[in-house]
Amino acid sequence: MPYYLAWLKSLSIYCQRRVLAIFILGFSSGLPLMLVFGVLSFWLREAGVSRADIGYFSWVALAYAIKWLWSPLADHLQIPYLHNMLGRRRSWLLISQLAVMIAVLFMSGMDPKQELALMAAFAVLLAFASATQDINVDAFRIESAPEQMQAALAAAYLTGYRLAMILASAGTLWLAALFSDNQGYDLVGWQRAYLIMALCMLPGILTTLLSKEPLSNLQQHSAIQGNVLQRFAAWLQQAVVAPFTDFFSRYKWHALLILALIACYRLSDVVMGVMANVFYVDMGYSKEEVASVSKIYGVIMTLVGAALGGVLINRFGTLRILFVGALLSAVTNLLFAALSQIGYDLAWLTLIISADNLSAGIATSAFIAYLSSLVNLAFTATQYAMFSSLMLLLPKFAGGFSGHWVEQMGYGPFFVMTAVMGIPALLLIIALARYNTIKQNAAG
């Protein structure tokens, strides 16, 4: 077969119905993140909230980092009535998606100048509902297809996820500017933009209702005899303890290297990302400028990065592309440091957003595929939630101090510091690759 036909055959996998469904669910997962984490900081900064407070406000996103605490419920708790109609995964998806929509609707009616604490409360609700949706989308994705399709599903999920992030960021900024009566801060413009974002959850809800419930390896246990305490202890062992002991029993001490990599892989870009929109405001970029650059170049580079990441993983292996993605993510932070010295420059902003989206697409595709390969299908939701929670715990916690760090050292040194934060991930990937090589040689 000619070389170019082999590449076309590799790309045709993205046209399958299962892959398209995951693309839409990925969109549904990506939409709330920027509304609670990214574009919200732009709104708060325009409203006059301090950088330090905005940094601390980002801690509401720690819900994503502790979602493993309730992830066993998705594997073992049946939602009354809906479970019989939709099945385990889709019933959980529907409830979480509706909760996301409701939270965004309430936020769209608030004024951060007058109701910052109340807005924070609904942002917490949004983050918890969104994290619950992520748990079940991940489980739905992993259970929907065999292992050989997981790289393509990860790429489709990431493409939808990143497109939603761009819509929620660039789209919200553009809508807020469109509905504003002036070039400065206008509360009504932001409120109407968030109202429209709430309605953008409808495609994900429809996909949940129309999709087929995936097959699962979850064991169906008969009712446990005994008193309430005995039943609870049995449930705790099956739903909480077993997924963790299974992971360590399969990977032994190697599990510590894996967990260390998961904990620090996204440290560089997440800590930087808390201050990205605040940085744009302080550098003098308007909502329209940031939205226009993100909409055009961000979408293109996201699509290229996600699709390229999926193809490269299939051809060169997950760990190699994982390393490339981590390296690119750290390097792009240095571009932000350069922009802080150059000043207002739309050409540089375009270059940085393009590079950031391309590197994020490649890195996240590889990371999702890697996490998926670690999961035992008997504990899909719990184990993947454990990994993805650990992935965000340290970065989100450190990101809460980002506003304080910027106020102390300035933007340039801050961005350089975030680039240096990417080095531990590179070293751990090298260690894991060498371990895998030794293991393969021993097996051969």
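Which residues touch the most other members of the largest nonpolar core? Tyr194, Leu261, Tyr265, Tyr280, Leu322 and Phe387 do, in a core of 136 residues. The views below start with the whole chain and then move to single sites.

This is a predicted model, in which local features need pLDDT of at least 70, side-chain atom pairs count only at pLDDT 80 or more, and totals for chains, interfaces and linings use all residues. Residues are numbered from 1 along each chain as its sequence is written, and side-chain values use heavy atoms, with hydrogens and water left out.

**Figure 1. The whole chain, with 21 helices and zero strands.** Helices (H or I, at least four residues) and strands (E, at least two) are DSSP runs, numbered from the N terminus. Of the 444 residues, 56% are buried. Buried means under 20% relative accessible area, exposed means over 50%, and partly exposed lies in between (1.4 Å probe, protein chains only). The accessible surface comes to about 18,500 Å². Carbon and sulfur atoms account for 68% of that surface. Areas come from the Shrake-Rupley method with a 1.4 Å probe; for residues, only the protein chains shown count as cover. Take the contacts between residues at least 6 apart in sequence: 84% of them join residues at least 24 apart. Contact means heavy atoms within 4.5 Å.

**Figure 2. The largest nonpolar core, with 136 residues.** A nonpolar core is a set of buried Ala, Val, Leu, Ile, Met, Phe, Trp, Tyr and Cys residues joined through side-chain atoms within 4.5 Å. Tyr194 and Phe387 are among the residues that touch the most other members. Helix H9 (residues 150-178) gives the most to this core, with 15 residues. Phenylalanine 387 touches Phe247, Leu259, Ile262, Leu371, Leu374 and Val375, not counting residues up to four places away in sequence.

**Figure 3. A nonpolar patch on the surface.** Its members are Leu334, Val416, Val420, Ile423, Leu427 and Ile430. Together they have about 510 Å² of accessible area. Patches are made of residues with over 30% relative accessible area and no salt bridge; like charges are joined within 9 Å, nonpolar side chains (Val, Leu, Ile, Met, Phe, Trp, Tyr) within 5 Å. Helices H20 (411-420) and H21 (423-443) each supply at least two residues. The largest share, three residues, comes from H21. Valine 416 sits in H20. This valine 416 is partly exposed, at 39% relative accessible area.

**Figure 4. Valine 406 in helix H19 (residues 402-409).** Valine 406 is buried, with a relative accessible area of 4%. Beyond its neighbours within four places in sequence, valine 406 is in contact with Arg51, Met275, Tyr411 and Phe414. Methionine 275 is 131 residues away in sequence, yet the two C-alpha atoms are 8.3 Å apart.

**Figure 5. Methionine 301 in helix H15 (residues 287-316).** Leaving aside neighbours within four places in sequence, methionine 301 is in contact with Ser354, Asn357 and Leu358. The C-alpha atoms of methionine 301 and alanine 355 are separated by 7.5 Å. Along the chain, these two are 54 residues apart.

**Figure 6. A salt bridge between lysine 287 and glutamate 46.** A salt bridge is a side-chain nitrogen of Lys or Arg within 4 Å of a carboxyl oxygen of Asp or Glu. By this rule the count comes to eight. Here the N to O distance is 3.1 Å. The pair links distant parts of the chain: lysine 287 in H15 and glutamate 46 in H3 (residues 39-46), 241 residues apart. Lysine 287 is buried at 3% relative accessible area, whereas glutamate 46 is partly exposed at 21%.

Figure 7. Aspartate 246 pairs with arginine 250, and their closest N and O atoms are 3.0 Å apart. Aspartate 246 counts as buried, at 14% relative accessibility. Arginine 250 is partly exposed, at 33%.

**Figure 8. Tyrosine 81 in the loop between helices H5 (71-76) and H6 (82-86).** Phi of tyrosine 81 is near 70°, a positive value in a residue other than glycine. Tyrosine 81 is exposed, with a relative accessible area of 63%.
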